[in-house]
Amino acid sequence: MPPEDAREAITHRRRDRQSHQHAKRARSSRHWPRPIVLTNIDAMVSSTGRVVVVGGGLAGCEAAWQCAARGVPVVLHEMRPTRTTPAHRTDRLAELVCSNSFKSENETNAHGLLKAELRRVGSLIMECAENARLPAGAALGVDRDGFAAEVTRRIYGHPLITVVRDEATAIPADEPAILAPGPLCSPALAAAIADFTGADNLAFFDAISPVVEAGSIDWDRAFRASRYGKGGEDYVNCPLDRAEYEAFYDALVGAGRAELHDFDRDLLFEGCLPVEELARRGRDTLRFGPMKPVGLKDPRTGHRPWAVVQLRQDNLAASHWSMVGFQNRLTWPEQRRVFRMIPALAHSEFVNLGTMHRNTYINAPRVLLPTFQTQARAGLFFAGQVSGVEGYTEATASGLVAGLGAAALVRGGSPPVFPPETALGALSRYVAAADAATYQPTNIAFGLFPPLPDPPRAKHDRRRATAGRALSALGTYIRECPLW
Ligand SMILES: Cc1cc2nc3c(=O)[nH]c(=O)nc-3n(C[C@H](O)[C@H](O)[C@H](O)COP(=O)(O)OP(=O)(O)OC[C@H]3O[C@@H](n4cnc5c(N)ncnc54)[C@H](O)[C@@H]3O)c2cc1C
């Protein structure tokens with residue numbers, strides 16, 4: 001199939017409100033678990049004694065590292081800089097294309113728990129993120145340049161990893177391979193994947209938040225604080241009074257939007273809605289979402305503002321600040337006009353404006369096992385966003401599981417199946433066992449875990465117990481698994 005036909009080869013499923021509710025239900029514990037049939041796990045894997053990884057993003061680098069750390073040679077194909085994507089800017093491996101945050105660190109939050117597990121099992125990405133850490137309250141924020149530079153240095157420095165800068169246009173045949181080309185997979189490879197999986201791929205758009213230059217912020221009209229004082233003064237808060245908010249709201253919902261292709265309409269991901277779409281849901285929706293003022297007091301007035309736009313540090317020099325939750329698909333002139341109605345940003349200069357991007361992923365339950373192996377070919381793995389997970393940490397987690405699996409196959413063993421009580425296991429099982437008819441990529445969430453046998457009544461206690469059970473199950477698993 002020629003590359004230009006790739007988009008047609010990818011099926012597009014409309015995601016209306018109803019299908020989102022179905023997906024939510026599919027994730028809920030009442031429907032857990034759908035039985036998983038492990039087929040092909042012991043099938044012959046023709047092996048050259050090495051693993052081919054396609055894509056040097058978060059998932060591909062983590063996968064390559066896990067193989068190499070177990071003595072298995074890796075050839076890692078990365079198409080940049082020869083060919084780039086609409087979102088990447090550099091030739092570095094593991095470039096973060098949008099936010100510089102890996103989300104919460106708190107272990108009673110599912111994102112925090114997944115990170116804790118990744119650290120326990122020796123994740124390269126988590127180690128490099130730690131080394132590039134920036135102040136971000138309760139979240140793991142990183143200096144994006146320092147982070148990508150460190151991952152690149154570590155991958156190039158490993159004697160068992162060979163990095164090849166070229167575009168893979170076909171699925172590697174006859175040897176263990178991990179496909180991690182990300183949500184912006186090149187069209188030629190997308191076509192090959194579509195051929196392999198049948199009509200199970202689909203595409204939709206994500207939206208990116210604007211980034212503001214620190215020097216252009218009106219600091220007399222902004223204040224530094226984290227909500228409820230958690231995280232000190234990590235965020236810059238841009239307050240609006242009621243009249244300012246009303247004017248801003250009207251401008252936002254009336255602003256001109258960038259054109260979408262017909263087949264991309266209605267394909268917005270519920271977890272990453274453009275701010276103007278969110279605003280359309282009601283006059284006060286933003287005040288309960290990205291512009292919520294709770295936990296903040298404006299030192300100039302001594303009161304809680306009517307609404308707040310928060311800015312998060314985006315680079316080590318603190319010269320760039322991103323507008324939290326302000327991903328959007330307005331035209332660029334309209335973004336400048338509307339966002340400059342926020343008093344503290346009246347004269348703001350934007351380093352980046354919000355943009356829209358394609359997102360490619362497979363219908364994982366129809367294609368994958370909980371090891372991220374394909375059902376049709378035991379030596380072929382998918383990892384990262386294309387495998388049907390959502391988010392930086394989740395992409396890393398899938399890369400880790402796939403890398404361990406491929407290494408196990410080359411060494412003559414079986415890929416690890418993490419216990420479902422762990423975040424790694426819960427994510428792997430969702431990918432393989434969710435309802436294929438309503439499948440959507442997922443972030444890690446406590447709804448993916450099996451229910452506790454005797455759940456505490458308070459939500460916080462339930463989460464703490466779920467996290468405790470996960471870390472204990474992981475500890476036991478690692479002690480017994482030959483891969484550690
Ligand atoms: C625009 C956008 C913004 C996002 N923002 C966020 C966010 O803020 N927070 C968050 O948690 N998640 C975000 N995501 C979702 C997702 O977590 C990230 O895209 C994440 O980087 C996925 O990791 P990955 O390893 O799967 O893909 P990537 O990190 O994109 O890596 C894939 C790599 O494969 C390469 N490649 C592609 N095709 C080929 C080929 N044929 N041959 C060789 N190399 C190839 C690419 O150049 C790239 O380097 C965003 C996604 C998009 C598209």
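Mentor: The crossing of α4 and α12 is left-handed, a label used if the near helix is turned anticlockwise from the far one by less than a right angle, with right-handed kept for clockwise. What we are viewing is a predicted model, where local features need pLDDT of at least 70, side-chain atom pairs count only at pLDDT 80 or more, and totals for chains, interfaces and linings use all residues. Residues are numbered from 1 along each chain as its sequence is written.

Two packed helices are described by the angle between their axes and the distance between the axes. Here, the axes of helix α4 (residues 110-120) and α12 come within 10 Å and cross at roughly 35 degrees. Those axes are lines fitted to C-alpha atoms, for helices over the stretch in contact, and angles run from 0 to 180 degrees between N-to-C directions.

Which residues make the contact? On the α4 side, they are His111, Leu114, Lys115 and Leu118. From α12 come Thr393, Thr396, Ala397 and Leu400. Two residues are in contact if their C-beta atoms, placed from the backbone, lie within 7 Å. By kind, the residues of this contact divide into four nonpolar, three polar and one charged. For that sorting, Ala, Val, Leu, Ile, Met, Phe, Trp, Tyr, Cys and Pro count as nonpolar, Asp, Glu, Lys and Arg as charged, and the others, Gly among them, as polar.

The largest nonpolar core has 98 residues, and Val51, Val53, Cys61, Ala64, Val151, Ile178 and Leu427 touch the most other members. Helix α12 (residues 392-410) gives the largest share of this core, twelve residues. Such a core is a set of buried Ala, Val, Leu, Ile, Met, Phe, Trp, Tyr and Cys residues joined through C-beta atoms within 7 Å. Buried means that 20 or more other C-beta atoms lie within 10 Å of a residue's own; with 12 or fewer it is exposed, and in between partly exposed, the C-beta atoms being placed from the backbone.

Notes
Helix = DSSP H or I, 4+ residues; strand = E, 2+ residues; numbered from the N terminus.
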